[in-house]
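Biologist: Please walk me through this model. I will ask, and you answer briefly.

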Amino acid sequence: MGHAEDDKTFTQWADISLAARLSTLQRDLDVLLAELIPDRAGPAGRLSEAMRYAVIGGGKRLRSLLCVSVAELVGAPYVQALRVSAAIECIHAQSLIHDDLPCMDDDDMRRGKPTVHRAFDEATAVLAGDALLALAFEILADEATHPDAVVRATLVSALARTIGQNGLAAGQMLDLYPQVDASREQLLECEMLKTGTLIRFAAEAGSILGQCDSSTRSRLLRYADLLGLAFQLRDDVLDRIGQAEVVGKRLNKDADAGRQSAVQVLGLGEAQRQTEMFAKGCVQELAGFGGKARMLSDIAVFAASRMH
Ligand code: GRG
């Protein structure tokens, strides 16, 4: 613990709003990602172009904000948290590219522009996703992310667990092949795997960088699990009540596909009530941190009330 005093960026960030902080982070991430995915000449240029198209200049960057905010809370340097956030954004972009493919959700619009397979082609979209996945691990394994090899290996292993057979890939499988008459618990398990695991990793990674004690990490992970639920339930609610041009993608997909989303299973009112309940649970988990955790409670409120 305790590198924050060396880290001027965090000091400059004190007491600024979530919106201002997000816009600084969006800018910093775009600069770093552009360095990590250089333009290339020749046939491989199409691959880097598709990767850049997917990951630079779009998205709310909420998982990244979570990672840097947890890192700040536990005293890890911003530059390290920014690199881990870039890795998270690569994984997130990969999951969106593959989710949008015709063999999965078959979507034409994402982040207000054509999906990668629409802007390029299906094979390029698959390969851009694969290369982003590999890049995420390359970033985490690089010494620039953390000088301690044990910390880097812990990050790599935590990310592998997050996305694999017990994580994102499993959640997507449950989403594609849902159980008929899913119970509330089964539904929440699917939501948790599909969306919650990467959100949990963002918080976990911040805590790994800061090498905080296990009780602090457990509290942060409980917060992150509730945040993942609030975020995904709000996603389901937005699918019903949002505006496509604000959300940046096709809506009413759940009802059209007969998908058992939270809104389908619980009804709109109950889904909204539970979203708020999970967000309040987040804020309660943070009580012991005092004012230092303000950004984390702002993130929870935003996740449950966002319109995009
Ligand atoms: C990573 C190995 C591996 C497999 C991926 C395709 C797949 C398996 C998973 C898809 C999971 C998925 C698309 C979940 C939805 C998560 C979600 C709510 C996305 C929207 O997140 P926002 O609102 O998006 O943060 P922006 O565009 O703001 O970044």
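Biologist: Which residues have the most contacts inside the largest nonpolar core?

Modeller: This is a predicted model, where local features need pLDDT of at least 70, side-chain atom pairs count only at pLDDT 80 or more, and totals for chains, interfaces and linings use all residues. Residues are numbered from 1 along each chain as its sequence is written, and side-chain values use heavy atoms, without hydrogens and water. A nonpolar core is a set of buried Ala, Val, Leu, Ile, Met, Phe, Trp, Tyr and Cys residues joined through side-chain atoms within 4.5 Å. The largest one has 74 residues, and those with the most contacts inside it are Leu66, Tyr223 and Ile299.

Biologist: Which helix gives the most to this core?

Modeller: Helices here are DSSP runs (H or I, at least four residues), and strands are E runs of at least two, numbered from the N terminus. With 11 residues, the top contributor is helix α5 (residues 78-100).

Biologist: How many residues does the second, separate core have?

Modeller: Leu188, Val237, Leu266 and Ala271 are among its members. The total for this second core is 12 residues.

Biologist: Is Ser69 buried or exposed?

Modeller: Ser69 sits in helix α4 (residues 62-73). Contact means heavy atoms within 4.5 Å, and beyond four places in sequence Ser69 contacts Met295, Leu296 and Ile299. Buried means under 20% relative accessible area, exposed over 50%, partly exposed in between (1.4 Å probe, protein chains only). Ser69 has 3% relative accessibility, so Ser69 counts as buried.

Biologist: What is the relative accessible area of Thr275?

Modeller: Thr275 belongs to helix α15 (residues 268-285). Outside four places in sequence, Thr275 touches Ala230, Leu233, Arg234, Val237 and Ala304. Thr275 is buried, and its relative accessible area is 2%.

Biologist: How far does helix α3 reach from its first C-alpha to its last?

Modeller: Helix α3 (residues 44-55) has 12 residues.

Biologist: What covers the buried residues of α3?

Modeller: The buried residues in α3 are Gly45, Ser48, Ala50, Met51, Ala54 and Val55. Their cover includes α2 (18-36), α5, α6 (116-119) and α7 (122-141).

Biologist: Which side chain has a polar atom 2.5 Å from an oxygen atom of the ligand?

Modeller: Near means a heavy atom within 4 Å; of the 19 residues around the ligand, Lys60, Arg63, His92, Gln94 and Arg111 come nearest. Polar side-chain atoms lie 2.7 Å from a ligand oxygen for Arg63 and 2.8 Å for Arg111. The 2.5 Å case is Lys60.

Biologist: What share of the ligand does the protein bury?

Modeller: Accessible areas come from the Shrake-Rupley method with a 1.4 Å probe. Taken alone, the ligand exposes 760 Å². The protein buries 90%.

Technical notes. A polar contact is a pair of N or O atoms within 3.5 Å; within protein, one must be able to donate a hydrogen and the other to accept it, and residues adjacent in sequence count only if both atoms are side-chain atoms. The expected span of a helix is 1.5 Å times one less than its number of residues.
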